[in-house]
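Colleague: Could you take me through one part of this model closely, the place where the two chains meet? I would like to follow it step by step.

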There are 2 protein chains.
Amino acid sequence: MAINKGYSAREDETFMEISPADFFYRNRDLAGFNNPTRAIYSAIRELLENSLDACELYGIPPKIFFRLSFEGGEKGEPSESTYLLKIMDNGSGIPQEYIPSAFGQILFGSKYKLRQVRGTFGLGGKMAILYGQITTNGTARILSSIGKREIYEFNLRIDIQSNKPEILGRRVQENKNHWHGTIVEFALDGDYPRAMPKILEYLQQTAMVNPYAEIVFIDPRGRLYRFESVTSKMPEPPKEVLPHPYGCDVETIRRIINVTTCHNMLCFMSKHFHRVGRITAQRFLDYAGIDSALNPEKLNSDEIVRIVQMMKSYTGFLPPDASCLSPLGTELLEAGIMKELEPEFVYIEQRDPSAYSGFPFIIEVGVAYGGNTASNSNFTLYRFANKIPLLYDEASDISRRILNEKKDWKRYKIRPDMPIAFFVHVCSTKVPYKTVGKEYIADRPELEKEIRNGVNSVSRRLSRFLSRQISIEHERRRISLFKLYLPKIAQFSTDLSPRKRKVPDVNPLLDDLRRYQEESA
Amino acid sequence: MAINKGYSAREDETFMEISPADFFYRNRDLAGFNNPTRAIYSAIRELLENSLDACELYGIPPKIFFRLSFEGGEKGEPSESTYLLKIMDNGSGIPQEYIPSAFGQILFGSKYKLRQVRGTFGLGGKMAILYGQITTNGTARILSSIGKREIYEFNLRIDIQSNKPEILGRRVQENKNHWHGTIVEFALDGDYPRAMPKILEYLQQTAMVNPYAEIVFIDPRGRLYRFESVTSKMPEPPKEVLPHPYGCDVETIRRIINVTTCHNMLCFMSKHFHRVGRITAQRFLDYAGIDSALNPEKLNSDEIVRIVQMMKSYTGFLPPDASCLSPLGTELLEAGIMKELEPEFVYIEQRDPSAYSGFPFIIEVGVAYGGNTASNSNFTLYRFANKIPLLYDEASDISRRILNEKKDWKRYKIRPDMPIAFFVHVCSTKVPYKTVGKEYIADRPELEKEIRNGVNSVSRRLSRFLSRQISIEHERRRISLFKLYLPKIAQFSTDLSPRKRKVPDVNPLLDDLRRYQEESA
């Protein structure tokens with residue numbers, strides 16, 4: 001390859017490093033902050049989800065209050081204005097030493113663990129604050145207490161280029177009532193009039209799958225929306241789990257080797273992996289031909305690769321245990337749906353736990369018919385993941401794809417334009433979102449299979465209900481025919497009889513028919 | 001809010017900071033590395049796009065060679081194997097001091113500028129190497145030269161937890177032929193048999209919109225795919241641009257203040273913004289009521305916010321200049337489509353430049369009919385952004401949405417199940433992707449409008465072609481009727497004639513009709 005004429009060497013090309021904050025500042029479309037409408041929606045949902053997590057992880061029934069108030073208008077685009085967003089929760093609170101970074105440093109947080117939480121990227125809350133800062137040049141005010149003697153208040157901004165919190169003020173107050181929780185307050189630009197429908201839909205669906213939470217929202221027009229808790233029953237807080245061998249890659253094994261206190265492979269295998277005890281560990285080491293007395297630090301690169309391959313091919317591991325998951329349960333989900341849609345028929349199925357790449361998951365699938373369920377050209381779909389409603393980008397979601405690709409609706413006597421809604425809730429220690437903005441779920445084959453089977457199963461139930469509806473209707477028509485003609489036949493037969501007789505009473509016969517119909521319904 | 005019983009304080013909650021490399025390692029679904037099939041597709045396309053950029057930015061006609069070779073099988077999942085990926089380009093090369101970070105550090109690179117390039121996140125190439133590393137524990141071998149005396153070779157891996165390149169070997173060779181370019185080689189696990197159709201489709205479409213590039217691919221089965229360049233005409237290399245005032249937020253202004261050498265606002269405004277010269281700068285400062293002699297460093301927080309607001313509302317700025325963009329042009333795109341699809345009809349329209357949030361963009365829209373264009377239930381759609389084909393998540397893309405929502409096809413005599421393909425190419429200094437994996441484009445209203453108008457416009461052209469097709473068909477049928485009956489009528493009239501005459505020759509008449517038809521076609 002000869003040198004091209006006119007070609008100038010790359011020495012003048014400037015290379016640079018950017019911070020994670022700078023990356024997401026430059027690419028805020030990725031995190032759901034692409035325009036003034038979407039930004040205000042994303043800010044509210046990210047902070048609300050953080051608050052719900054802060055309560056639920058500690059078994060605290062959430063009481064969350066938030067308010068969006070108008071600050072000023074006359075922005076460049078029509079109906080874009082400045083708002084003040086304040087959110088207050090009764091969650092666990094944040095230890096004071098972590099407050100600045102928890103709100104002012106991207107890729108810092110408590111979410112980087114294997115457990116079922118709403119937040120997974122440790123990004124949303126900070127993106128909201130960052131967006132507020134770049135649109136209003138304002139700062140964020142954070143108050144938090146873990147229920148001890150003091151309440152800490154910080155006033156801060158994010159230094160985007162260095163990805164560090166810049167503390168502009170700090171105050172300590174006495175915490176007489178042992179209050180615990182967090183208050184976040186900052187200004188941001190947005191388009192509330194346009195965002196409103198999605199925000200209200202989001203709150204309504206959140207209430208549907210978090211029936212133990214109380215959420216109060218005061219909007220910029222002064223309207224109060226109150227979603228009361230309909231149950232005091234809290235789900236079990238999700239537990240953190242070790243990595244499952246099926247989900248381990250070379251990097252996982254390297255990291256465990258760096259921190260392990262084990263001096264032999266038997267200890268190593270039985271201590272650091274999900275559902276691997278000493279017996280399974282020994283069996284696996286025998287299978288993989290690894291000396292159980294080997295010091296894990298002595299493993300060379302090829303051996304690490306071999307272990308990972310063996311972990312993937314060994315069939316003797318127990319499947320991931322879903323006890324670390326906190327699904328909603330059929331009762332709570334049914335109650336939520338009944339409250340919101342008042343359907344004629346609803347059926348929820350919780351699928352058996354399964355796993356993808358070593359991450360356990362549980363799918364809950366539901367179907368509702370009639371009531372306030374809207375008729376759609378192709379069913380209504382409600383999607384949830386770890387108790388978050390997903391409202392955007394439905395077209396790319398795995399559940400929508402399954403509904404669209406299913407061709408045998410006729411078998412179920414179901415037509416896509418009937419007033420039918422499907423519900424899909426994915427619970428996992430790691431929901432495979434395709435976007436940082438948590439809009440939709442990637443098509444992992446294991447998830448797809450469970451959702452598909454769930455949809456088939458609830459459709460069969462609906463089909464049975466619909467058939468019965470049809471047969472009841474049929475019976476009803478039959479009886480009304482009998483009712484009409486039996487007395488006439490009785491009269492007619494009596495008239496024909498040579499001996500003068502009383503007209504026989506047909507009512508017992510009709511009663512029998514009616515009873516039979518009710519019993520078979 | 002009283003303290004909840006059973007509640008344990010959050011002091012035991014562990015907070016941590018993770019590096020950008022660790023973030024994308026944990027969330028590789030985000031970057032298109034979600035499964036063995038997708039990973040191998042993403043690795044190839046990311047490296048290929050980097051190579052194309054490395055050539056095009058310097059006006060070098062790209063000659064890219066890459067090879068995927070089988071290394072070993074028996075992975076956990078069926079048909080998952082280890083492959084060696086090698087890619088070689090004749091691009092500008094990378095100065096030696098930047099090589100390790102350019103391949104071993106996430107969020108480091110030369111892509112963080114306002115200019116039209118394929119790569120925008122500075123992430124893809126490193127994600128490919130990272131994926132190779134975590135699946136095979138291998139290292140990456142990089143060779144590069146900028147055409148000077150030496151070729152530098154590095155052997156490296158990414159330290160994921162610290163996000164730093166770890167250099168395991170370094171060699172210097174003499175560069176006798178002044179070769180410039182880059183070679184990247186590393187092993188990764190993947191599922192080539194499944195990925196193959198998408199990879200070949202990707203290459204084919206890449207060839208379609210990069211007709212000046214020569215791409216050679218040898219696949220693991222030893223098959224050679226060669227996409228020859230059909231033109232030596234290179235588009236103008238894209239230029240870097242200053243930020244346009246409409247796209248500036250508070251952070252942009254703060255950063256410019258930090259680096260400016262200007263001591264007054266007139267200099268500041270006329271030096272750092274796209275299409276703002278001294279006259280516009282003075283007019284703007286008058287409009288905003290800012291003293292043109294003010295030292296920009298003296299601007300306080302409120303004044304910065306005010307400037308940003310004024311920039312958004314001032315109508316006197318010139319629109320962004322699209323001369324920094326490098327669209328394909330109607331000729332090249334038409335040539336590419338003709339070569340691949342051989343349609344009966346093709347029409348391309350380049351829309352006038354426009355801008356969103358201060359970023360200039362140009363939309364190219366095309367339509368093809370017949371030939372190898374597949375009939376689909378709802379048109380075939382080819383999507384491109386900065387000369388990259390987008391193959392995944394079409395359902396969420398703005399262009400697909402526009403086609404689906406368009407209801408007036410009848411006006412154009414077009415039915416969605418005809419063999420019609422639409423082409424949409426978005427060129428911009430910043431393509432608003434919704435995912436790091438560059439799968440689809442966000443729905444910015446300005447983009448939407450241009451694409452919609454483009455679709456309408458090319459549809460009208462197609463409609464005219466189809467009407468003419470119908471009228472030609474009509475004419476043809478008319479002539480064949482004439483051909484059938486004219487001789488008979490001639491014969492008949494001759495027979496009827498009282499005087500015996502020769503049958504008149506109808507051929508001149510038929511020839512006239514045929515000529516007339518051809519002329520009107």
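Modeller: Strand β4 (residues 108-109) of chain A is joined to β1(B) by two bridges, and the two strands run antiparallel. Strands here are DSSP E runs of at least two residues, helices are H or I runs of at least four, and both are numbered from the N terminus; two strands pair if DSSP finds at least two bridges between them. Within this pairing, A:Gly109 stands opposite B:Met16 in β1(B).

Please keep in mind that this is a predicted model, where local features need pLDDT of at least 70, side-chain atom pairs count only at pLDDT 80 or more, and totals for chains, interfaces and linings use all residues. Residues are numbered from 1 along each chain as its sequence is written, while chains are lettered from A and ligands numbered from 1 in the order in which they are written.

As for the two copies, a rotation of 179° with 0.1 Å of shift along its axis superposes chain B on chain A (RMSD 0.8 Å), by least squares on the C-alpha atoms of residues with pLDDT of at least 70 in both. That is the relation of a two-fold axis. The same surface serves both copies, as 100% of the contact residues of chain B recur in chain A.

Note on methods: Contact = placed C-beta atoms within 7 Å.
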